[in-house]
Amino acid sequence: MTTHQIVLIPGDGIGPEVAAATTRVLQAAEAPLRWVEHHAGVAALETLGEVLPEGTLDAVREHGLALKGPCTTPVGKGFTSVNVQLRKRLDLYAAVRPVRNLPGIETRYQDVDLVVIRENTEGLYSGIENEITKGVVTSLKVATEAASRRIAHWAFQYARDRGRKKVTVMHKANIMKLTDGMFIRCASEIREEEGFTDIEYQEVIIDAGCMKLVQDPTQFDVLLLENLYGDVLSDLCAGFVGGLGVIPGANIGEQYAVFEAVHGSAPDIAGRGVANPLALIMSAVMMLNHIADTRGDETCRASAVRIREAYNQALADGQKTGDLGGTLDTEGFASAVIERIEG
Ligand SMILES: NC(=O)c1ccc[n+]([C@@H]2O[C@H](COP(=O)([O-])OP(=O)(O)OC[C@H]3O[C@@H](n4cnc5c(N)ncnc54)[C@H](O)[C@@H]3O)[C@@H](O)[C@H]2O)c1
């Protein structure tokens, strides 16, 4: 049996807590993984003197895959976002965030099943900011046709592979005619040129799109967005199904993939052992399925199925952390999942 070497980046704040809970769950499900631990964020700054050490990037390049906890970017000059840099340096251009109702979690909405696909490498997150003169600053939104076409192709292919019916691009091309105008033109051209016309396609101006989302999120299927809009809408969509504790994510490129929850390092609850580990557990399930899809290892798919069934059962049995109205702490929820894996 193959053992897959995975870079584990525990991260900051609640990161090490949810990472420890997640690796316990993976071990109980006999996932054939071996961890190679590296650091990023404040954890790396304190021990290695920089927020994104070359050694961490090299490890992901060597092993191809990483499971990552959230990283804090120190506020102030001199630090560009760790997460934005990691995604850019490894060219992880597609962020994928599935948003679905889960058993035992009551929300205002039922039957939500949508996927946020975010362009991860450019847009306003180019990080190019200048002070022109005192009191006047600029922040450049950079968009390229190549990146806009590549993410559009990825989104349509994702929709086709998973039998999804509709791709909706949310944009602000009425104001940002060049950047967002190009983004929607590329999406529509890719659909025509590459034969995705069986997939329904919709363009919605993002402010009206937000209203439509909160009125009825079930009318959406795959959402395709540039970087900033994708960041904001991911958290908004998390609110439909229980919050940031239940939304997993993957950052995928041609060569590497990094799996991480949508949530951040949650400084308000860090160190108390109460964070919900489910989002990172779900991200690990996405990683196992990714390994099965790309490396043909069905053992990983079997582990993914065991974990998903176990957390669904735990939630259905009312086993929940505080953010979901339950009483379990981080390790308590992991134990509830493990009990159900071990049957
Ligand atoms: N991918 C990443 O590494 C990532 C993503 C987002 C934010 N961040 C960083 O995280 C830091 C804090 O950001 P923030 O406060 O805006 O967002 P956050 O996601 O950390 O927290 C927002 C709220 O959600 C709650 N929350 C988040 N995850 C939770 C979980 N697993 N269980 C229970 N409650 C949870 C927090 O307690 C907080 O009230 C910042 O430094 C930010 O840059 C990192």
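Student: How far apart are the centres of domain 1 and domain 2?
Tutor: Keep in mind that this is a predicted model. The domain assignment gives domain 1 as 1-96 + 243-343 and domain 2 as 108-241. Taken over C-alpha atoms, the distance between the two centres is 24 Å.

Student: Are helix 9 and helix 10 roughly parallel or roughly antiparallel to each other?
Tutor: Look at the axes of helix 9 (residues 278-295) and helix 10 (residues 298-316): they come within 7 Å and cross at roughly 155 degrees. Angles over 145 degrees count as roughly antiparallel. The crossing itself is left-handed. So the pair is roughly antiparallel.

Student: What classes do the residues of the contact of helix 9 with helix 10 fall into?
Tutor: From helix 9 you get, among others, Leu 278, Ile 281 and Val 285, and they meet a helix 10 set including Ala 304, Ile 307 and Tyr 311. The contact divides into 10 nonpolar, 2 polar and 3 charged.

Student: Which residues come nearest to the ligand?
Tutor: There are 21 residues around the ligand. By class, that shell has 10 nonpolar, 8 polar and 3 charged residues. The ones that come nearest are Pro 70, His 263, Gly 264, Ala 266 and Asn 276.

Methods: Residues are numbered from 1 along each chain as its sequence is written. This is a predicted model: local features need pLDDT of at least 70, side-chain atom pairs count only at pLDDT 80 or more; totals for chains, interfaces and linings use all residues. A residue is near a molecule or strand if its C-beta atom, placed from the backbone, lies within 6 Å of it. Ala, Val, Leu, Ile, Met, Phe, Trp, Tyr, Cys and Pro count as nonpolar, Asp, Glu, Lys and Arg as charged, and the others, Gly among them, as polar. Axes are lines fitted to C-alpha atoms, for helices over the stretch in contact, and angles run from 0 to 180 degrees between N-to-C directions. Helices (H or I, at least four residues) and strands (E, at least two) are DSSP runs, numbered from the N terminus. Angles under 35 degrees count as roughly parallel, over 145 as roughly antiparallel, 65 to 115 as roughly perpendicular and the rest as oblique. A crossing is left-handed if the near helix is turned anticlockwise from the far one by less than a right angle, and right-handed if clockwise. Two residues are in contact if their C-beta atoms, placed from the backbone, lie within 7 Å. Domain bounds come from an automatic or database domain assignment.
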